[in-house]
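Have the model open in your viewer and the sequence beside it. We'll take a walk through it together, one region at a time.

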Amino acid sequence: MTEAGGEASSGEHPRLGSPVESIEAAMDLAIAASQVVRGSTYPNPPVGAVVIDADGIVRGVGATSPPGGPHAEVHALRQAGDRARGGTIVVTLEPCNHTGRTGPCSHAVAAAGIVRVLHAVSDPNPTAAGGGHYLREHGIEVVSGVGADRVASGPLDAWLHRVRTGRPLVTWKYAATLDGRIAAIDGTSRWITEPAARRRVHDRRAQLGAIVVGTGTVLADDPQLTARLPDDSLAAHQPTRVVVGRREIPPTARILDDSAPTLLLRDHDPAAVIAQLADRVDVQIEGGAVLAGAFLAAGAVDRIEAYIAPVVLGDGLPAVVGAGVDTIAHVHRFRPRSVESLGPDTLITFDRDPAGIGFRQD
């Protein structure tokens, strides 16, 4: 388990026109660029790229555009111009080698006169893979695995999960008291957590492809479910808001406004919901207890983000209901991924234990 706090590992990022102290620092800059566009590139991966000239100076920084726009390498190469010739490009993902709505990045890198390519993760998508091989065939040095762990567990996490499994990464997010209550016995829940934790929730929403809630949450809380900035304006990227359930919601519900797209699904089967959201890549379940229980019971929760406030309610509404567990031997097992302090609150992130369901006896 690690302390969360960002993917960078080598201090302050280099800037355009400044020398690069290390390849790790250049990869930090590429990761930071990819984080800015995370959520806006689906179904393409959020990739960051940095071009360093022959003298070790940063000349270009790029990130993947929304579908149909240039990829990260092309943005960085265009910014660098002729200064890319004889230089190095550092990329979070192996340059693609296929023609879709844009041309192959591997060809663009070779044409720009780059002599060395350093990338974190090899492309697992068979349609796009092979960029490294193409570059080597054209006399370009290619090094794979630079910063791989940070990239694979950070900006490319959900996309890699989608490529491996064919379905989006599904996270259950909730805020609760120390005794696991998400609302008081009278139904009040604003605010269990403090502003720093709520700010973190909005930052995370801006990276998502979709947020899923049940009709019960819409009727009880009338949430807007948008990603908002500290000045309460909307973030540049908004996830699709998904409402699951058979109950009618009023046309005046805030979730139906024009601040973000909304999808209404009558089917309450988690597998069917996930199938309809496959291209969203990074999906978050935000409420309520019954919906969370249904996804847990179906084995459809890959990750949990638990915002824990240092308060105790005693009586109140539980975080989850109906998770399909009738004995301790059938518990849903997760393992801690990270811990992050957010003012007085704590965000604990868990990944599903690959060992499956059941209580550990060791």
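What follows goes from confidence to cores, then to a few individual residues.

Keep in mind that this is a predicted model. The protein chain averages a pLDDT of 90, and 94% of the residues score at least 70.

Now for the inside. The largest nonpolar core holds 41 residues, and the members that touch the most others are M27, V51, L77, I89, I114 and V117. The largest share, five residues, comes from α1. There is also a second, separate core of 26 residues, with A176, L277, V283 and A300 among them. As a rule, nonpolar side chains in soluble globular proteins tend to be buried together.

Skipping its neighbours within four places in sequence, V51 is in contact with I57, V58, R59, G60, A76, L77, A80, A84, T88, I89 and I114. Three of those names, A76, L77 and A80, turn up again among the buried residues of α2.

So what does the buried side of α2 look like? The buried residues there are A72, E73, V74, A76, L77 and A80. Their cover includes β2, β3 (58–63), β4 and α3 (105–111). Just after the helix, G81 takes a positive phi of about 60°.

From β4, pick out L93, which lies in that strand. L93 counts as buried because its relative accessibility is 4%, with the cut-off for buried being under 20%. Apart from residues up to four places away in sequence, L93 touches P45, V47, E73, H119, V121, S122, D123, L156 and W159. E73 is also one of the buried residues of α2. For a sense of how the chain folds back, look at L93 and P124: they are 31 residues apart along the chain, and their C-alpha atoms are separated by 9.6 Å.

Next, head over to β13 (residues 303–308), where you'll find R303. Is this arginine buried or exposed? R303 counts as buried, at 8% relative accessibility. Which side chain makes a polar contact with the side chain of R303? That would be D351, at 2.6 Å. Leaving aside neighbours within four places in sequence, R303 is in contact with D157, L169, V170, T171, W172, F334, R337, T349, F350 and D351.

A search of the whole structure finds one aromatic pair. W172 and Y174 form it, stacked at 4.5 Å centre to centre with 25° between the planes. Both partners are tucked away: W172 is buried with a relative accessible area of 7%, and Y174 counts as buried at 19%. Another tryptophan, W191, has R198 lying over its face, at 4.3 Å from the ring centre.

Terms used. Residues numbered from 1 in each chain as written. Predicted model: local features only at pLDDT ≥ 70, side-chain atom pairs only at ≥ 80, totals over all residues. Heavy atoms only, no water. Core = buried A, V, L, I, M, F, W, Y, C linked by side-chain atoms within 4.5 Å. Buried < 20%, exposed > 50% of the residue type's maximum accessible area, 1.4 Å probe, protein only. Helix = DSSP H or I, 4+ residues; strand = E, 2+ residues; numbered from the N terminus. Contact = heavy atoms within 4.5 Å. Polar contact = N/O pair within 3.5 Å; in protein donor to acceptor, adjacent residues only side chain to side chain. pLDDT = per-residue confidence, 0-100. Phe/Tyr/Trp six-rings, centres within 6.5 Å; stacked < 30°, edge-to-face > 60°. Lys NZ or Arg CZ within 6 Å of the ring centre and 35° of its normal.
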